[in-house]
Structure formats: structure tokens, C-alpha cells
Amino acid sequence: MRILLIEDEAALARPLREHLEAEHHIVEWFTTLDEALSAILTLEYDIILLDLQLPDGDGLSLLSKVRDRHIRTPVIILTARDKVSDRIDGLNRGADDYVIKPFDLNEVTARIHTVCRRSTDQLTQTSLVRDLSICLADRSVSRQGRDIRLTSKEWSVLEVLLRRPSKIVPKESLEAAVYAFGDEVESNALEAHISRLRAKLGKDLIVTHRGLGYLLQP
Ligand code: CA
């Protein structure tokens, strides 16, 4: 997973980042709301871990900005404030969960998995993309009632893109979804999957943004 960590206390952020990287996640760490917001608006993350007291403001204001822009990336609040009102405020503004500091590293990982599973469950219905009917739960895709067969790697690529319609997904996120950690990945392997998906599903469904990644154009 690609994780955005927003936390200004290095003593908390460093061990958390190391712990998550040891679990093969990609972690990008920022210490201010400003930097974090521009990262969120540019790239796609699977989850955001958000501290509330940051040098340039309150994490809740960032959360509101993100949700106002209809960005649905799951957010877990990391906070020393254990007052009930702060938790309710966070959840009301669109946070998915919160962890009280000081936290246990394994607890954070467990929450990440729970929150991501929950957001996956919301995708189990059939979605209609152009003239395609796609069901992630049983991995089926059809056009006008006719099934289209995809390989498991093509499914993995499509699934990642479907979770972030109209957003540029970095090439590394797609490769991370398609290949197991430690797999030897040939430089053009992902492009080959993308071009087969275009051939099967429609040539302009997936748009290439050179140097940035790929975007599913619903
Ligand atoms: Ca802080």
C-alpha cells in the first residue's frame, strides 16, 4: 500500500515509518499540512495517517479540505487528544478511525488493515464504467451481457485503477499491486498489461500520463 504519514514528531514518525516499510508498504512522510495537501492533490494514496497538532495548523482542517474535494482516501487520525469531543469531531469530518498516542505499532497496522478492508467492501457491488459492467467481488467484466476474460494480473491493474477513477495512479502503485515483493519486474511489463486491457476494454479507457502514471477515464 502507499501510505501518507503526516506527523511532525520525528520520534513517533520514524519508528512508524520503519515498521510500515518492513511490512512492504511505501510510506511518504510529511511534517506540515501544506506539504501534505499538495501531495494528496497530486498523488493517490491508499491511506492517510494524520496527526492533529501540526506546525502550520490543525489536522482536522486538512481533513475537511480533502473531503470537500471529494477525495475518499481512508484517513486514520493519530492523536494525543483523548477527549471524546475531538474523536467525534474527527469522525464527523470524515475520518475513518483514530488511534490514541502513544500507540502500539502493531495496533496501527491492525487499524490500517481494518479500515482498508472496510473501504474495499464498499466496492463489492457491480460498477458501470462506460459500456462495461464490472464486479470486483467475483472478478467479472462484461459488455452488453458478453463476458470479457481478463488474466489475474490484468485484474489487479484494473482493480487499482477502479478504486481511483479520474485520478493519476503512479506506476509504482500499480506495480506494487501486480507483483509480489521481491519479484523481478521487467521494465515494460506493466505497459504490456495496460495495452492488453485497452485492447479488451476500450483503447481510451486508460490514459497514460508520461512520468506520472495512469488514469482510468470513466
Ligand atoms: Ca504533532
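**A walk through the model**

Let's start with His 24, which sits in the loop between α1 and β2 (26–30). Before going on, a word on the source: this is a predicted model, where local features need pLDDT of at least 70, side-chain atom pairs count only at pLDDT 80 or more, and totals for chains, interfaces and linings use all residues. Residues are numbered from 1 along each chain as its sequence is written, and side-chain values use heavy atoms, with hydrogens and water left out.

His 24 is partly exposed, at 44% relative accessibility. Here are the cut-offs: buried means under 20% relative accessible area, exposed means over 50%, and partly exposed lies in between (1.4 Å probe, protein chains only).

Gln 144 also has a positive phi, about 45°, and is not a glycine. Find it in the loop between β10 (140–143) and β11 (146–148). Gln 144 counts as exposed, with 73% relative accessibility.

One more backbone point. The peptide bond from Lys 101 to Pro 102 is cis, with omega near -5°. Pro 102 lies in the loop between β7 (97–100) and α5 (105–121).

Now the metal. Which protein donors hold the calcium ion? They are Asp 8 (OD), Asp 51 (OD) and Gln 53 (O), at 2.2 to 2.3 Å from the ion. Donors here are N, O and S atoms within 2.8 Å of the metal (3.2 Å for Na, K and Ca); water is not among the atoms, so sites may look incomplete. Asp 8 and Asp 51 link distant parts of the chain, 43 residues apart. Asp 8 is in the loop between β1 (2–6) and α1 (10–22), while Asp 51 is in strand β3 (residues 47–51). Is each of these two buried or exposed? Asp 8 is partly exposed, at 31% relative accessible area. Asp 51 is buried, at 3%.

Next, the helices. Helix α6 (residues 152–162) packs against helix α7 (residues 171–178) at about 135°, with axes 9 Å apart. Axes are lines fitted to C-alpha atoms, for helices over the stretch in contact, and angles run from 0 to 180 degrees between N-to-C directions. So α6 is oblique to α7. Under 35 degrees counts as roughly parallel, over 145 as roughly antiparallel, 65 to 115 as roughly perpendicular, and the rest as oblique.

Who meets whom? Lys 153, Ser 156, Val 157, Val 160 and Leu 161 of α6 meet Leu 174, Ala 177 and Val 178 of α7. Contact means heavy atoms within 4.5 Å. α6 is mostly covered, with nine of its 11 residues buried.

The axes of α7 and α8 come within 10 Å and cross at roughly 85°. That makes α7 roughly perpendicular to α8. Lys 171, Leu 174, Glu 175 and Val 178 of α7 make this contact with Leu 190, Glu 191, His 193 and Ile 194 of α8.

Finish on His 193, in helix α8 (residues 189–201). His 193 is buried, at 9% relative accessibility. Leaving out residues up to four places away in sequence, His 193 touches Lys 153, Glu 154, Val 157, Val 178 and Tyr 179.

Conventions. Helices (H or I, at least four residues) and strands (E, at least two) are DSSP runs, numbered from the N terminus.
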